[in-house]
Amino acid sequence: MSFLIICGRYQKRTRIYLLRKAALIFCVLFFVVGCGGSGSEATDSNGSGAPVDDSADGNDNDTDAGNDNDTDAGNEGQEGSDGGNGGGNDGGVGDEQDALTLSFDVLYAQGAEAPGLSDGQFSDILAADVSHAGDSVCFVADYSDAGLRKNGVWCGAPGFISLVVATGNQIDNLPSNIQFKSATSVEFADDGRVAIVAKLQGASDGDAVLLWDGASVDSILRAGELAPGLSDGSSVGNILSVDISTDGAAIFGSYGVFGQFALWYWDGDDFSLITSLLNEDNKTDQNGCVVGPNLIGGLGLAVINNSGTIAFQALLSSGADTTDTSLCRGSAIVTYRDGDITTLVKTGDSVASAGTARYTSFVVNRLFDSGTIYFSAVVEDDNASGFDVGRWSQWFMFPDGSANLVSIVEETVPPAFEDKISLTGQLAVVIAEEETRAVQLVQTSLGKSLLSGPAHQGMPYEDISVVGATNMSLIASSNSDSPVGFPADTFISDFSRPSIDTDGLVYYLAQVERPGEREVIDAFYTARADQMSQLVVKTGDSVSYNGQARTITSINLDNAVGSVFATIMSPGVIISNRGHALLPVSLDGIGEALLFVDRN
């Protein structure tokens, strides 16, 4: 495993959808979740409030960065107290993993020269993503140029990062009086194209969705132009979320003077309006129900797969073609494909094999190319034995309409199966292999636990108030033995949201403490179900940069550690399908940095 360091302060992952419009923070766990903003208008990097330079930059956008800091660090990440896999046993979970061989490749550090610019020094990294194959990285960063704070996007293979676009650059398919100002998000499609959510300046000064195909940067949709599919002459307002695939993109945004919501599909050439708020021309589903956007969908939970199917949360209502109004009430998970909308599951639908239990609300987590959807739902049963309050649950739903339960509140968890799930985070639960394995951070009666493994077959409980044990295995817990790599008198006090790759390897960040002490150690782990976690790197370990050892002073996943409410909104560890990871850290004497972790 090797590490590539890119300077800056990582704030958000692509797909932590753009909630920088404060009026659009909706909370879906019956609580108000505090969601971190993406920052204020750009100012001078030293905090003096100097304005952003609106002039054209004029710099070459195709400068390759060399890689002059290659070092092999062996198993440096395993050094420290009790070393490597010594110390605790994470609750006695399984056998040890094969040890990872680590090397550290330092590319950029905070304050270093920004590639492709004649006079620019990196100050902050704002967003990043790694390609699905793990062979390319893109990141959004602020940089200082003559005392002015500017912004740009850099992409490329590790060691060969090039400037894609920077403040003042022209967008290839727009007039010269419209320029790039800044970006907030980047996301790779499987084919290597990158969606950039940006702000423009000049004759158009609002949001925009840009596409970089490796050769040019073009605008797909921008504020101020006519909103696609609407006949009232409304213009596009804010861009709220983007999900891109090889087939196109699902774009959730607003339009008109009152900021109504709309969801569009871009097929690579043209736009189709899927649904919009207060639009009499909204499409209907197979039951004749009018499909409108669910305001919870303002969180950006519209996802597209490589087959061109889009899944999203909707609100159903009766229309002129409705034959049974009972089918057109409440929220639903629907899909859009080739102009047709299909409701898959809706409020009031029965939970198969669970007596009189029914679904009441939903959140879409992931859509696979096969058409299988991973979603969260509240299930209720007024006739359950002694239980009439809804419970959060997680599900795989297959194209034939069948579903497998992943977890439900009150299930017991390993190792002793005496602890119970008390709250399941319902957003952004990452799935490894299609329809087979999940990783989940859960709040339990005694603390927090990371679980990973396969789902149940179908729904195993006829009475949702009488449930058994989870089918998943324990990865780590705050209520277990001391963590791997640390002395016996330590414990895990908190976790980041985990990630999992297509090989089933789990990645997570833990905060480790000793009772009565204020020092907190950040530790980055990998793990497999039924195997002991492996400590990869922790604060206090060192990496080599420009021939000097630099100590890692913190591992920084913004908003990732705290309550489960915070972790479900956090980026967690960004990984490719093959497990290449992006890990933000701080280095002594350098500042904040981003590690590219390469699984060789």
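Which residues are linked with D142 in a network of salt bridges? I looked this up first: D124, D142 and R149 are linked in such a network. For a salt bridge I required a side-chain nitrogen of Lys or Arg within 4 Å of a carboxyl oxygen of Asp or Glu.

**Ground rules.** I am working with a predicted model, in which local features need pLDDT of at least 70, side-chain atom pairs count only at pLDDT 80 or more, and totals for chains, interfaces and linings use all residues. Residues are numbered from 1 along each chain as its sequence is written, and side-chain values use heavy atoms, with hydrogens and water left out.

**The chain as a whole.** I found 1 helix and 40 strands in the protein chain. Both are DSSP runs numbered from the N terminus: helices are H or I with at least four residues, strands are E with at least two. The chain has 600 residues, and 60% of them count as buried. I used three classes of relative accessible area: buried is under 20%, exposed is over 50%, and partly exposed lies in between (1.4 Å probe, protein chains only).

I then looked at contacts, meaning heavy atoms within 4.5 Å. Of the contacts with a separation of 6 or more, 57% join residues 24 or more positions apart.

**Nonpolar cores.** I took a nonpolar core as a set of buried Ala, Val, Leu, Ile, Met, Phe, Trp, Tyr and Cys residues joined through side-chain atoms within 4.5 Å. The largest one has 25 residues, and V351, Y359, F375, W395 and M459 have the most contacts inside it. The strands β22 (358-367), β23 (373-380), β24 (391-397) and β25 (403-408) each supply at least two residues of this core. I checked V351 and left out residues up to four places away in sequence; V351 touches A357, R358, Y359, V379, W395 and M459. A second, separate core has 23 residues, including A127, F180, A183 and A208. In soluble globular proteins, nonpolar side chains tend to be buried together.

**Salt bridges.** I noted 14 salt bridges in the structure, and looked up some pairs.

- K538 and D541 meet through their side chains at 2.9 Å, N to O. K538 is buried at 4% relative accessible area, and D541 is buried at 4%.
- R222 and E225 meet at 3.9 Å, N to O. R222 is buried at 17%, whereas E225 is partly exposed at 24%.
- R337 and D338 meet at 3.8 Å, N to O. R337 is partly exposed at 37%, and D338 is exposed at 67%.
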